[in-house]
Amino acid sequence: MLDAQIVVSMRSAVRCVWVAALFVAACSPPTLAGTDLGSTDAPDFTLTDGVSGRAVTLSAQRGQVVALTFLYTSCPDVCPLTATRFRAAQTELQGDASRVTFIAVSVDPDRDTPKAVQDFSTVHGLAANWYYLVGGRAQLSPVWAAYGIGVQAGSNTVTHNDAVYLIDRSGRERVLLHSEDLASDLTNNLRALLKS
């Protein structure tokens, strides 16, 4: 009889430890691949969406997870790859895709016209929850500086960082990815941020 009570007590203790471990795991922040940005508030900005012509403010996206990058429409390599990865993430997220906003900020104010942005977006299948923000150099430069994006315009190309910032639903920068990380880490990180 005493042995049975000990077994019952041990089972109860193990069950309590198991429940506590599950609770702690559920409350801990997700582990994200990429460079940890320490959950600082993402610098806010307002720019014009080249697709719709409407003003878009980053802080107005609170409640959504945001993938923020910097592109130009005539880019021959990294920018189309990033756009393709964004579209793939939307497909992989399925029903959760509506809870993620994908934003590109132009690094080529001279050539990223609304028509160029619309064509780029169409070619890459980006429409829902997608903004491609444009403006003059005076409007874009402070945004580039706030996110550490170096921009050097050449005659036909623009050299710039391939940064993708993932911002949580509270508007905090969580992780920085680069183009080579997107295939393996973008969708998983977005899923983790949607759960947190």
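The exercises below each come with a worked solution.

This is a predicted model, in which local features need pLDDT of at least 70 and side-chain atom pairs count only at pLDDT 80 or more, while totals for chains, interfaces and linings use all residues. Residues are numbered from 1 along each chain as its sequence is written, and side-chain values use heavy atoms, with hydrogens and water left out.

**Exercise 1. Work out the strand order of the open sheet and say which strands stand at its edges.**

Step 1. Helices (H or I, at least four residues) and strands (E, at least two) are DSSP runs, numbered from the N terminus. Two strands pair if DSSP finds at least two bridges between them.

Step 2. The open sheet has eight strands in the order 1-10-9-4-5-6-2-3, with mixed pairing.

Step 3. Strand 1 and strand 3 (55–57) are at the edges; each has a single partner strand, so one side of each lacks a neighbour in the sheet.

Step 4. From one strand to the next, the twist averages 30 degrees. For such angles, axes are lines fitted to C-alpha atoms, for helices over the stretch in contact, and angles run from 0 to 180 degrees between N-to-C directions.

**Exercise 2. Describe the surroundings of strand 4 (residues 65–71).**

Step 1. Strand 4 runs antiparallel to strand 9 (residues 164–167), with four bridges joining them; Ala-67 has Leu-166 as its bridge partner in strand 9.

Step 2. Strand 4 and strand 5 run parallel and are joined by seven bridges. Here Leu-71 is partnered with Ser-106 of strand 5.

Step 3. Check burial, where buried means under 20% relative accessible area, exposed over 50%, and partly exposed in between (1.4 Å probe, protein chains only). Seven of the seven residues of strand 4 are buried, so the strand is largely enclosed by the rest of the structure.

Step 4. Both faces are covered: Val-65, Ala-67, Thr-69 and Leu-71 are buried on one side, and Val-66, Leu-68 and Phe-70 on the other.

Step 5. Helix 4 (residues 137–146) lies across strand 2 (46–49), strand 4, strand 5 and strand 6 (130–134), and runs at about 120 degrees to strand 5.

**Exercise 3. Decide how many disulfides there are.**

Step 1. A disulfide is counted as a pair of cysteine sulfur atoms within 2.5 Å.

Step 2. The nearest cysteine sulfur to that of Cys-75 belongs to Cys-79, 3.0 Å away. By this rule the count is zero disulfides.

Step 3. Cys-75 is buried at 8% relative accessibility, and Cys-79 is buried too, at 0%.

**Exercise 4. Examine the positive phi of Ser-39 and of Gln-94.**

Step 1. Most residues other than glycine have a negative phi.

Step 2. Ser-39 has a positive phi of about 60 degrees; Ser-39 lies in strand 1 (residues 35–41) and is partly exposed, at 31%.

Step 3. Gln-94 has a positive phi of about 50 degrees. Gln-94 sits in the loop between helix 2 (78–93) and strand 5 (100–106) and is exposed, at 63%.

Key. Contact means heavy atoms within 4.5 Å.
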